[in-house]
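The sequence and structure come first, followed by notes on selected parts.

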Amino acid sequence: MKHSKVVDVLKSDKLLQPVTVKGWVRSFRNDRFIALNDGSTIHNIQCVLEDNAIDNKVQEKITVGAAVAITGTLVESQGKGQKVEIQITELKVVGESNPEELKLTILSPKRHSLEKLREQAHLRVRTNTFGAIMRVRSKLSFVIHEYFQKNNFYYVHTPVITKSDAEGAGEAFKVTNFDLTNVPKDETGAVNFKEDFFGAETNLTVSGQLEAETYAMGLGSVYTFGPTFRAENSNTSRHLAEFWMVEPEVAFCDLDGNMDLAEDFIKYVIQYALDNCADDLEFLENRLVQEDKQKPQAERSEMLLRDKLKFVLENNFKRVSYTEAIEILKNSKPNKKKKFKYIIEEWGADLQSEHERFLVEKHFKSPVILFDYPAKIKAFYMRLNEDGNTVRAMDILFPGIGEIVGGSQREERLEVLKEKMAALDIPEEELWWYLDTRRFGTCTHSGFGLGFERLVLFVTGMSNIRDVIPYPRTPLNAEF
Ligand code: 4AD
Ligand code: MG
């Protein structure tokens with residue numbers, strides 16, 4: 001019999017019908033009640049063993065973590081919190097799970113810290129918390145495509161291996177070059193990679209933007225959504241060495257249009273999560289409430305998870321220039337007693353996440369879009385303003401997160417772009433293909449990058465970015 005997913009069985013009203021489910025035992029109480037989870041929902045389905053329904057030898061093997069296939073009759077449940085349960089008629093232990101060995105893992109039935117779960121990242125998806133996070137992650141990834149596809153954007157697969165370091169921050173991972181000296185040549189002898197595969201130094205992409213720009217010049221509106229890599233040695237709860245980035249790029253669009261797009265996009269995907277991940281978000285919210293109860297009053301969250309999501313949905317993102325923000329920050333303290341760790345002294349300084357969060361959480365009390373940053377703290381491709389000092393950059397700042405989006409209107413004027421590159425010692429020969437977009441049919445165009453994990457962090461209410469990606473890559477950590 002074809003098996004059903006627990007998420008569907010729990011909603012089913014086909015009482016007294018036979019049903020088969022397959023999943024993993026979460027608990028087995030009183031030799032009678034199996035809580036089965038198959039990953040399709042946060043909820044377990046209760047499966048009840050009647051006396052003598054199955055062989056004793058089989059029964060002994062029903063242990064936490066075992067994989068089982070259960071067939072039975074769907075009946076109304078007497079238990080609280082569930083409408084239906086399965087009266088077992090047939091049970092097969094598909095994969096055993098040794099209780100003594102399991103005790104040594106994070107699957108043993110007690111509370112483990114998130115740090116402990118990270119050490120066994122290959123097992124943590126079997127916990128409620130990680131099941132919920134990864135389902136939300138998957139749904140968010142789906143709705144990102146939905147949003148762009150509905151709005152006539154085309155998905156472009158930009159290369160992972162590249163010669164360019166788009167952000168110019170020098171944080172690119174080098175691709176190890178093979179020594180192909182001994183690789184046989186073809187019969188013409190033409191193929192002979194003496195030193196390295198590409199005949200040039202390459203790295204893993206830090207952003208698909210430059211390639212996306214070239215595609216926006218043909219397809220109009222495009223987006224990339226793929227892994228990006230940065231060897232920045234920042235061991236923070238917001239940085240990964242490998243993260244996923246969503247990067248739309250739009251021809252004939254200025255910075256205001258870019259801001260409108262980003263705000264509309266973010267609100268759409270968050271609304272989708274609220275509508276389609278309700279059970280998982282409720283679970284994650286309860287988890288946070290429980291966690292909060294253990295903390296002293298002063299450290300407790302000010303907003304529940306769903307209030308935080310509504311905070312984004314119900315507020316217009318406040319658009320503020322960098323210059324205005326600096327004036328505010330110079331005259332502010334995060335609270336009466338404390339000063340900022342990094343004190344902003346002058347125009348031109350880069351903001352730290354404490355400043356970004358202050359603007360959002362304390363000053364404006366809404367998500368903030370900061371724009372027109374000093375040219376010297378931003379990448380070469382951003383459009384220079386008439387003042388000659390600032391560029392048409394925008395960062396979107398979120399509560400609890402700080403920067404979630406970075407983007408800009410691009411410098412579309414060939415000569416200005418060349419001057420900026422020269423000032424930063426970026427050789428024109430390296431980016432000749434990029435410069436061609438400005439040579440042939442250049443136009444006002446804009447785009448942005450949203451850090452996907454930062455979005456998942458925000459929506460799930462988790463506090464460490466390592467907990468919203470299956471296998472986090474951070475300094476000294478690539479175990480799995
Ligand atoms: O601000 P960034 O560096 O912008 C770019 O890469 C542009 N090329 C994007 C564009 O305009 N197409 O990165 C964009 C976003 C950040 O706002 C942040 O959310 C995320 O990517 N991000 C990271 N997320 C996790 N770990 C890291 N190390 C990240 N670095 C950036
Ligand atoms: Mg940035």
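Leucine 476 is exposed, because its C-beta neighbours inside 10 Å number 6 and the cut-off for an exposed residue is 12 or fewer. The model is a predicted one. Leucine 476 sits in the segment after H14, and its phi is near 65 degrees, a positive value in a residue other than glycine.

Aspartate 31 also has a positive phi, of about 55 degrees, although it is not a glycine. Aspartate 31 belongs to the loop between strand E1 (18-29) and strand E2 (33-37). With 11 other C-beta atoms within 10 Å, aspartate 31 is exposed.

## Overall layout

The protein chain contains 14 helices and 15 strands. Its C-alpha atoms fill a box of roughly 85 × 75 × 40 Å, taken along the principal axes. Of the 480 residues in the protein chain, 35% are buried. Among contacts with a separation of 6 or more, 69% are between residues 24 or more positions apart.

The chain is divided into domain 1, residues 6-104, and domain 2, which is made of 129-171 + 206-467. The centres of domain 1 and domain 2, taken over C-alpha atoms, are separated by 44 Å. Contact between the domains involves four residues of domain 1 and five residues of domain 2. The side of domain 1 that touches domain 2 has one nonpolar, three polar and no charged residues.

## Arginine 126

Arginine 126 lies in the loop between helix H4 (114-119) and H5. How exposed is arginine 126, given 17 C-beta neighbours inside 10 Å? Arginine 126 counts as partly exposed, because 17 C-beta neighbours lie between the cut-offs of 12 or fewer for exposed and 20 or more for buried.

Leaving aside neighbours within four places in sequence, arginine 126 is in contact with Trp24 and Leu107. Arginine 126 and valine 7 are 119 residues apart along the chain, and their C-alpha atoms are separated by 16 Å.

## Helices H5 and H8

H5 has 23 residues, which should span 33 Å at 1.5 Å a residue; the end C-alpha atoms are 33 Å apart, in agreement. The buried residues in H5 include Phe130, Ile133, Arg135, Arg137, Leu140, Ile144, Tyr147 and Phe148. Among the elements that cover the buried residues of H5 are strand E9 (221-229), E10, H7, H8 and H14.

Helix H8, residues 278-293, has 16 residues and reaches 23 Å from its first C-alpha to its last, close to the expected 22 Å. Asp280, Leu281 and Leu284 are the buried residues of H8. Seen down the axis of H8, these buried residues fall within an arc of 95 degrees, so they line one face of the helix. Ala278, Asn286, Gln290 and Lys293 are exposed on the other side of H8. The cover over the buried residues of H8 includes helix H5 (128-150), helix H7 (255-276), helix H9 (305-314) and helix H14 (452-460).

## Surroundings of ligand 1

Which residues are closest to ligand 1? The closest are Ser207, Gln209, Gly406, Gly449 and Gly451, from a total of 22 residues that surround ligand 1. Two or more residues of this shell are given by each of strand E10 (242-251), strand E14 (402-409), strand E15 (445-451) and H14. E14 provides the largest share of the shell, five residues.

By class, seven residues of the shell around ligand 1 are nonpolar, eight are polar and seven are charged.

## Glutamate 213

Glutamate 213 is found in helix H6, residues 209-219. Glutamate 213 is buried, because 23 other C-beta atoms lie within 10 Å and the cut-off for a buried residue is 20 or more.

Setting aside neighbours within four places in sequence, glutamate 213 is in contact with Glu249, Arg410, Thr437 and His445. Glutamate 213 and alanine 298 are 85 residues apart in sequence and 46 Å apart in space, C-alpha to C-alpha.

Methods. Residues are numbered from 1 along each chain as its sequence is written. Chains are lettered from A and ligands numbered from 1 in the order in which they are written. This is a predicted model: local features need pLDDT of at least 70, side-chain atom pairs count only at pLDDT 80 or more; totals for chains, interfaces and linings use all residues. Helices (H or I, at least four residues) and strands (E, at least two) are DSSP runs, numbered from the N terminus. The expected span of a helix is 1.5 Å times one less than its number of residues. The arc is that of the directions from the helix axis to the C-beta atoms. Two residues are in contact if their C-beta atoms, placed from the backbone, lie within 7 Å. A residue is near a molecule or strand if its C-beta atom, placed from the backbone, lies within 6 Å of it. Ala, Val, Leu, Ile, Met, Phe, Trp, Tyr, Cys and Pro count as nonpolar, Asp, Glu, Lys and Arg as charged, and the others, Gly among them, as polar. Domain bounds come from an automatic or database domain assignment.
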